[in-house]
Amino acid sequence: MERLQKYIASCGVASRRKAEELITEGKVQVNGRKVTELGVKINPQKDKVKVNGQLLAQEKPVYYLLNKPKGVVTTTNDEKGRNTVIDLIETNTRIYPVGRLDYDTTGALILTNDGNLANLLMRPDSQVDKTYIAKVKGIVQIPDIQKLRNGIIIDGVKTKKASVRLKSVDKKKETSTVVLTIHEGKNHQIKKMFESLGYKVIKLRREKIAFLDLKGLMPGEYRNLSIKEVKVLYSLCKK
Ligand code: URA
């Protein structure tokens with residue numbers, strides 16, 4: 001037996017959180033009966049689950065690591081008609097990005113139809129490291145590096161402790177390059193952290209998600225994750 005929202009997520013329809021919304025909004029039927037409460041368990045081999053009238057079937061899970069280029073949006077479709085990260089991946093499977101990188105941010109992005117893994121990776125208390133390289137305008141001062149490490153108040157909430165290293169400074173151009181490893185994924189987090197100290201991020205790249213780096217991937221290129229890599233990601237999420 002499996003929880004209904006977990007099953008819906010495993011069919012690639014939505015993340016687990018979104019699946020819960022679909023249930024409470026009355027959009028889910030089990031064996032012809034509408035289910036609106038959470039916590040119902042189903043037998044994936046026997047029970048027929050419909051979302052918005054469509055019968056679900058468990059798809060084979062697929063996992064991609066993309067080196068996101070600049071100038072594409074991290075959504076499944078964009079109302080302004082801009083290119084999305086989905087357009088870069090050749091697949092007939094309905095996949096979606098895990099988390100978000102800004103339009104002008106490049107780097108590592110996981111895309112999958114596995115709503116359960118997506119949900120675990122995006123949890124606010126996720127312990128999965130994400131490493132960014134930020135080029136900022138100005139010479140970043142050492143006390144500011146310490147502030148970034150200890151946490152900065154953005155949107156009224158203090159960011160968690162981070163690992164931060166000043167990689168280099170270009171005195172002529174008045175820019176600094178800083179490497180940051182964070183667990184969280186608040187909207188525009190890195191840019192806002194620097195902004196609150198008076199620095200503007202002029203280039204941002206996500207170098208790594210946990211152990212997954214961009215080796216062998218030019219911007220716009222992607223690869224499948226191996227079964228072993230997926231297992232390790234699951235185990236990191238459960239820590
Ligand atoms: N932080 C940001 O500010 N932007 C991103 O795209 C990712 C993290």
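## Salt-bridge network

Asp102, Asp104 and Lys191 are linked in a network of salt bridges, a salt bridge being a side-chain nitrogen of Lys or Arg within 4 Å of a carboxyl oxygen of Asp or Glu. The model is predicted: local features need pLDDT of at least 70, side-chain atom pairs count only at pLDDT 80 or more, and totals for chains, interfaces and linings use all residues. Residues are numbered from 1 along each chain as its sequence is written, and side-chain values use heavy atoms, with hydrogens and water left out.

Between Asp102 and Lys191 the N to O distance is 2.8 Å. Asp102 lies in the loop between strand 8 (96-97) and strand 9, and Lys191 in helix 5 (residues 189-195), so the pair ties together parts that are 89 residues apart in sequence. Helices (H or I, at least four residues) and strands (E, at least two) are DSSP runs, numbered from the N terminus. At 14% relative accessibility, Asp102 counts as buried; buried means under 20% relative accessible area, exposed over 50%, and partly exposed in between (1.4 Å probe, protein chains only).

## A second contact of helix 5

Asp155 and Lys192 also form a salt bridge (2.8 Å, N to O). Asp155 is in the loop between strand 11 (153-154) and strand 12 (157-158) and Lys192 is in helix 5, so this pair ties together parts 37 residues apart in sequence. Asp155 counts as exposed at 65% relative accessibility, whereas Lys192, at 22%, counts as partly exposed.

## Helix 6

In helix 6 (residues 227-237), the buried residues are Glu229, Val230, Leu233, Tyr234 and Cys237. On the other side, Ile227, Lys228 and Lys231 are exposed.
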